[in-house]
Each structure stands twice: as C-alpha cells, then as structure tokens.
Amino acid sequence: MTLQVQFVTMGMMLMGGLSLGGLFDLYRVLAGQLRAPRYAYYLLDIVFWLLGTVLVFKLLYMSNLGQVRMFIFIGLLIGVGVYFLLFSKTVIKIILWMIRVVQTTIRIGKRMIELFIVTPVVWLYRATVIFLGFLMAIAIFLYKVMLQLLYPLWRLLVWLTKPLVKRIRIPAWVNKTGQSIAALFRRFF
C-alpha cells in the first residue's frame, strides 16, 4: 500500500468518522423525539449500526479496496472526536429545526385540508339537508292545501256515485280495508 493510498484512506476514515457522528446525532435526536414502543428503539439501533457499517466499509473499499489496518480505526475515532467537538451542537440544532419545520408543515397541511376540504363538505351537507327539509315542508304544505281544495269535489263525487255504489255489492273485507286506510289518512292529514 503506497503512502498516497494511506493518506486517502486516512482522509476517507476521517470523513467516515464525521459521518458516523452525524448519523449518531440524527439517531439520538430522532429517538428522543419519537414516542415509540420500547422494541422500536432496538430496531433503530440495528438500523443505525447497519447504516454505519455499510458507510464505513463502502468508504474503505473506495479508498484501499477494503484493507483493514490500525490507522483506519484511529482515523474513525479522530473523525468522530472532531465531529463531537466542533459540529455536534450545530447539527443537533439543525436537526431539531428540521423536525419543527416538518411538524409545522404537517400541522399547516392538516389545517388546510380541514379548512378547504372538510369544512366545505360539512357546510354543503348541512345546506343540502336544510334545503331538502325546506322542500319537504313545502311539499307537505301543498299536499294538505290540495287535499283541502279537493275535499268538496270528493264529497260531490261520493254523493253522485252513492246510488251507483249501492247497486254494486262490495265485499265486507274491501269496505273494512278502505275504512282503515281512510282513517289512517285522516289521522295523518
């Protein structure tokens, strides 16, 4: 392994250490913000270590075809240390800010959906119910008016057809059913 490859590998491992530190802060902040069951944190741990391992080995393979040496671990430790000394607080603030932006965006989105979709649908439903109720009231009113207007004509028709009906034999059950229906109509109207 040439000296140039070693320097490139050391630089890549420093970058890998910085990346691991950032990934750890991201994991730590998200785990603190999530209100998840206990087992979810175990899954997050596994995901963190898998991503960290893939990242380090990808960088290692790109720099020196995957040869593991002692200075690789030193480079990773120095990178993580530099990250926590210089960048950790700033990155945590940025992550928290991004979480607040996402939460605010979700809250605004929910409010917009409620304001522009749910509320008009509710108002449209209420207006339709009121309008149909109004139409039903008018229809019932007009029906009652028509019955009152046609009642004298009905009485006249009954008086005119009474001699004809006396000659026709109507079975008793038909007459009784007709009387029941008439009583029902008089009760409601």
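Me: What is the make-up, by class, of the lining of the second largest pocket?

Reply: Classes first: Ala, Val, Leu, Ile, Met, Phe, Trp, Tyr, Cys and Pro count as nonpolar, Asp, Glu, Lys and Arg as charged, and the others, Gly among them, as polar. Here the lining has 9 nonpolar, 2 polar and no charged residues. This is a predicted model, where local features need pLDDT of at least 70, side-chain atom pairs count only at pLDDT 80 or more, and totals for chains, interfaces and linings use all residues. Residues are numbered from 1 along each chain as its sequence is written, and side-chain values use heavy atoms, with hydrogens and water left out.

Me: Which residues line the second largest pocket?

Reply: A pocket is an open set of points on a 1 Å grid over the protein atoms alone, where a 1.4 Å probe fits, with protein on both sides within 12 Å along at least five of seven lines; lining residues have an atom within 4 Å of a point. In this model they are L20, W49, G52, T53, V56, F57, L60, V68, I72, F73 and L76. The elements giving two or more residues are α2 (38-64) and α3 (70-167). Helix α2 gives the most, with 6 residues.

Me: What is the volume of the second largest pocket?

Reply: Grid points are joined across faces, edges and corners, and the volume is the space filled by probe spheres set on the points. The value is about 160 Å³.

Me: How many helices and strands does the protein have?

Reply: Helices (H or I, at least four residues) and strands (E, at least two) are DSSP runs, numbered from the N terminus. The protein has 4 helices and 0 strands.

Me: Why is the protein described as more spread out than a compact globule?

Reply: Take the radius of gyration over C-alpha atoms; the globule rule is 2.2 Å times the number of residues to the power 0.38. The protein comes to 43 Å, well over the 16 Å that the rule gives for 189 residues, so it is more spread out than a compact globule. The C-alpha trace spans about 130 × 35 × 30 Å along its principal axes.

Me: Is P120 buried, partly exposed or exposed?

Reply: Buried means under 20% relative accessible area, exposed over 50%, partly exposed in between (1.4 Å probe, protein chains only). P120, in helix α3, has 40% relative accessibility and counts as partly exposed. Across the protein, buried residues make up 16% of the 189 residues.

Me: Which residues does I92 contact, leaving aside neighbours within four places in sequence?

Reply: Contact means heavy atoms within 4.5 Å. I92 lies in helix α3 and is in contact with D25, R28 and V29.
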